[in-house]
Amino acid sequence: ELRERGTRLAGEARRDPATARGAIGRVATQLGVNPEALRTWVRQAEIDEGDRPGTTSEDAARIAELERENRELRKVNEILRTASAFFAAAEVDRRLR
């Protein structure tokens, strides 16, 4: 809620030429947040709205999810490779006896 309010207020202040300069700093002070945090929130909101190039929040979440899934699948494949080698060696050992 604070993030949404801050980005909205900063956006409104930046649209007005009379208050555009230093808008983020003033709004951050009013809300009691760090100006850099508010600047980051505003930048991400602009990206999400398509006003600025970059990776949207939705895309970033999807990428993170796919990376997690990829790590999990690599672990599973390694386990299956190890198990396959173990059982293949056991089968060869059984045949030699």
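Modeller: A helix is a DSSP run of H or I with at least four residues, and helices are numbered from the N terminus. The structure above is a predicted model.

Biologist: How many helices and strands are there in the protein chain?

Modeller: The protein chain has 4 helices and 0 strands. Read from the N terminus, the order of its elements is α-α-α-α.

Biologist: Which helix holds Glu36 and Arg39, and how many residues apart are they?

Modeller: Both residues are in helix H3, 3 residues apart, which is about one turn of the helix.

Biologist: What can side chains of opposite charge do when their charged atoms come close?

Modeller: They can pair. The cut-off for a salt bridge is a side-chain nitrogen of Lys or Arg within 4 Å of a carboxyl oxygen of Asp or Glu. A search of the whole structure gives 6 such salt bridges.

Biologist: Which residue forms a salt bridge with Arg81?

Modeller: The partner of Arg81 is Glu78, and the closest N and O atoms are 3.0 Å apart. Arg81 and Glu78 are in helix H4, 3 residues apart, so about one helical turn separates them. Arg81 counts as exposed because its relative accessibility is 53%. Glu78, at 43%, counts as partly exposed.

Biologist: What does the salt bridge between Arg14 and Glu46 tie together?

Modeller: First the distance: the side chains of Arg14 and Glu46 meet at 3.1 Å, N to O. Arg14 is in helix H1 (residues 2–15) and Glu46 is in helix H3, so the pair ties together parts that lie 32 residues apart in sequence. Arg14 has 34% relative accessibility and therefore counts as partly exposed. Glu46 has 17%, so it counts as buried.

Biologist: Which residues form the negative surface patch?

Modeller: A residue in a patch must have over 30% relative accessible area and no salt bridge, and like charges are joined within 9 Å. In this structure, Asp48, Glu49, Asp51, Glu58 and Asp59 form a negative surface patch. Helix H3 (35–49) and helix H4 (57–96) each give two or more residues to the patch. One member, Asp59, is in helix H4. Asp59 has a relative accessible area of 40%, so it is partly exposed.

Biologist: What is the radius of gyration of the protein chain, and what would a compact globule of 97 residues have?

Modeller: The protein chain has a radius of gyration of 26 Å, whereas a compact globule of 97 residues would have one near 13 Å. The C-alpha trace spans about 90 × 25 × 20 Å along its principal axes. Of the 97 residues in the protein chain, 18% are buried.

Biologist: How many residues apart in sequence are Pro35 and Ala83, and what is their C-alpha to C-alpha distance in space?

Modeller: Pro35 and Ala83 are 48 residues apart in sequence, and their C-alpha atoms are 54 Å apart in space. Pro35 is located in helix H3. Its relative accessibility is 32%, so Pro35 counts as partly exposed.

Key:
Residues numbered from 1 in each chain as written. Predicted model: local features only at pLDDT ≥ 70, side-chain atom pairs only at ≥ 80, totals over all residues. Heavy atoms only, no water. Patch = residues over 30% accessible without salt bridge, like charges linked within 9 Å, V, L, I, M, F, W, Y side chains within 5 Å. Areas by Shrake-Rupley, 256 points an atom, 1.4 Å probe, with all protein chains shown as cover. Lys, Arg positive; Asp, Glu negative; His and termini not counted. Charge placed at Lys NZ, Arg CZ, Asp CG, Glu CD. Buried < 20%, exposed > 50% of the residue type's maximum accessible area, 1.4 Å probe, protein only. Rg over C-alpha atoms; globule rule 2.2 N^0.38 Å.
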